[in-house]
Amino acid sequence: MLLTRREAMAASAGGLAVLASPAWSQTAYPNRIIKMIVPYPAGGTTDLLGRLVADQLKSGLGATCIVENKPGAGTTLGANEVARSEPDGYTLLMATSTTLAINKTLYKKLPYDPVKDFTPIALVAAVPFALIVNPMLPPKTLAEFIAYAKSNPGLAYGSAGNGSPQHLGAEMLKTEAGIDIRHVPYRGSVPAMIDIIAGHIPFMIVDLQPALQQIREGKVRVLGVTTPKRVAAAPDIPTLAEAGLPGFELVAWQGVVAPAGLPRPIVDQLAAQLAKLVADPATRDKLTALSLEPLTGSTPDSFAAYVKTEVDRWAVVVKNSGAEAE
C-alpha cells in the first residue's frame with residue numbers, strides 16, 4: 001500500500017543529516033547555475049514539479065536554477081545526460097518511476113543503471129491514476145465494466161505509450177480482473193484520452209491530473225482511482241480496491257536525483273530544500289489541487305532503498321505484460 005511504502009521511505013533513514021563539514025558551506029555550493037533536466041515536454045506534471053523544485057533552490061540556496069526539457073526515448077535521453085554529468089550538484093534530474101524503476105526491465109539495452117548511476121536526493125510527489133471509459137459505454141461501475149469486458153473479449157484500451165505506467169496499469173487490471181483486452185499505444189495520455197472522448201477507443205488507465213476536468217464535465221466516466229486511499233482532490237471517486245479489486249494499486253512517483261558520486265554535504269543541502277518544499281502549505285495545496293500527493297519524510301537514504309525495491313516490483317509487472325523496448 002502507498003502509506004506503507006511511504007512510511008518505509010521515511011523509516012529507513014531518521015532525518016536529514018546535519019551539515020558537518022565547513023568545506024562544503026553555502027559559499028562553496030552553489031556558486032554557479034544549477035540545471036534541472038526534465039525528461040518530458042514542457043507543460044506536464046513532471047515539468048511542473050521540476051519548476052517548483054527550481055524555484056525552491058533559487059529561494060532556499062540563493063542559486064540560479066534553470067529547467068531544461070529533454071524528452072524522448074521513454075525519459076532515457078534526459079536521464080542518460082544526467083548520469084554522464086559531473087557529480088558536482090550543478091546537473092539534476094527530475095526522475096520518475098518510469099526512469100528509475102520501469103525502464104530497468106523494459107529496455108533491453110538501457111544506457112544507464114537506475115541504481116548505480118544516480119545519487120538519490122528525495123521523493124517529491126506521488127501520481128495517482130484512474131480507470132476511465134467512454135460515457136456511452138453501458139458500464140457504470142467496476143463490476144459492470146469487468147462483466148462487459150468479459151462479454152466483449154479483445155476490448156481495446158489506450159495508453160501513454162509502450163511500457164508506460166498507464167499501459168502497465170491496464171495490464172495489471174487485465175490480470176487481476178481476468179479480462180482479455182488489447183493495447184493501443186499513443187504518444188501521451190492526452191491523445192489517448194481525446195480518442196476515448198471521441199469514441200475511438202473505449203477505455204484506459206489515465207493519470208488523474210489531466211483527466212479530472214474531463215471527468216467533472218462528463219466527457220469521460222470514471223470507475224475508480226488506483227490509489228489505496230481516495231484522492232484528496234476527488235474524494236467522491238472510489239478506489240478500484242474498494243470497488244471490487246482488493247489490493248489493486250498503481251501509483252507513480254517523482255523525485256530528484258543527481259549523478260552518482262555527489263558529495264554527501266551537497267546531497268544533504270539539496271535534500272533539505274526538497275523537504276522544505278513538500279512541507280510548505282502553499283506547495284502542498286497546489287499539488288493536491290493537481291491530484292498529486294506530496295511525499296514528506298523522504299531522505300537520500302530512504303529514497304535509495306526505495307528505488308531498489310521499486311525496480312524489483314515493476315520488473316514483475318513489466319515481465320507479465322510482455323512489454324519491451326530496444
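# A tour of a predicted model

Select A73 to begin: with a relative accessibility of 41%, this residue counts as partly exposed, because the partly exposed class runs between under 20% for buried and over 50% for exposed. The model you have open is predicted. A73 sits in the loop that runs between β2 (65-69) and α3 (76-83). Look at the backbone here: phi of A73 is near 55 degrees, which is a positive value in a residue other than glycine. Most residues other than glycine have a negative phi, and most peptide bonds are trans.

**Another positive phi**

Next, select S291. Its phi is near 65 degrees, again positive in a residue other than glycine. S291 belongs to the loop between α11 (281-289) and β10 (293-294). Is S291 buried or exposed? S291 counts as buried, because its relative accessibility is 2% and buried means under 20%. Now show what surrounds S291. Apart from neighbours within four places in sequence, S291 is in contact with P128, L208, Q209, L212, V231 and A233.

**A cis peptide bond**

Move to Y29 and P30. The peptide bond that joins Y29 and P30 is cis, with omega about 0 degrees. P30 is in the loop between α1 (2-11) and β1 (34-38). Then select R32 and Y90. R32 lies over the face of the Y90 ring, 3.9 Å from the ring centre.

**Aromatic rings**

Now show the aromatic side chains. How many aromatic pairs does the structure hold? There are 6 aromatic pairs. One of them is formed by Y112 and F118, which are edge-to-face, with 5.6 Å centre to centre and 75 degrees between the planes. Y112 and F118 are both buried. For a group of rings, select F145, Y157 and F203, which ring pairs link into a cluster.

**An exposed loop residue**

Select R187, in the loop between β6 (181-185) and α7. R187 has a relative accessible area of 83%, so this residue is exposed. R187 and N162 are 25 residues apart in sequence, and their C-alpha atoms are 9.1 Å apart in space.

**Helices α7 and α8**

The next stops are pairs of helices. Two packed helices are described by the angle between their axes and the distance between the axes. Select residues 189-198 for α7 and residues 208-216 for α8: these helices pack at an angle of about 20 degrees, and their axes are 10 Å apart. The contact is made by V190, M193 and I197 from α7, together with P210, A211 and Q214 from α8. Why are α7 and α8 called roughly parallel? Angles under 35 degrees count as roughly parallel, so α7 and α8 are roughly parallel to each other. The crossing of α7 past α8 is right-handed.

**Helices α4 and α12**

For the last stop, select residues 97-106 for α4 and residues 300-321 for α12. The axes of α4 and α12 come within 8 Å and cross at roughly 45 degrees. The two helices α4 and α12 are therefore oblique to each other. α4 passes α12 in a right-handed crossing. To see where they meet, show the side chains: on α4 the residues are S97, L100, A101, I102, K104, T105 and L106. On α12 they are F303, V307, E310, V311, W314, A315, V318 and K319.

How values were computed:
Residues numbered from 1 in each chain as written. Predicted model: local features only at pLDDT ≥ 70, side-chain atom pairs only at ≥ 80, totals over all residues. Heavy atoms only, no water. Phe/Tyr/Trp six-rings, centres within 6.5 Å; stacked < 30°, edge-to-face > 60°. Buried < 20%, exposed > 50% of the residue type's maximum accessible area, 1.4 Å probe, protein only. Lys NZ or Arg CZ within 6 Å of the ring centre and 35° of its normal. Axes fitted to C-alpha atoms, helices over the stretch in contact; angles between N-to-C directions. Helix = DSSP H or I, 4+ residues; strand = E, 2+ residues; numbered from the N terminus. Parallel < 35°, antiparallel > 145°, perpendicular 65-115°, else oblique. Left-handed = near helix turned anticlockwise from the far one by under 90°. Contact = heavy atoms within 4.5 Å.
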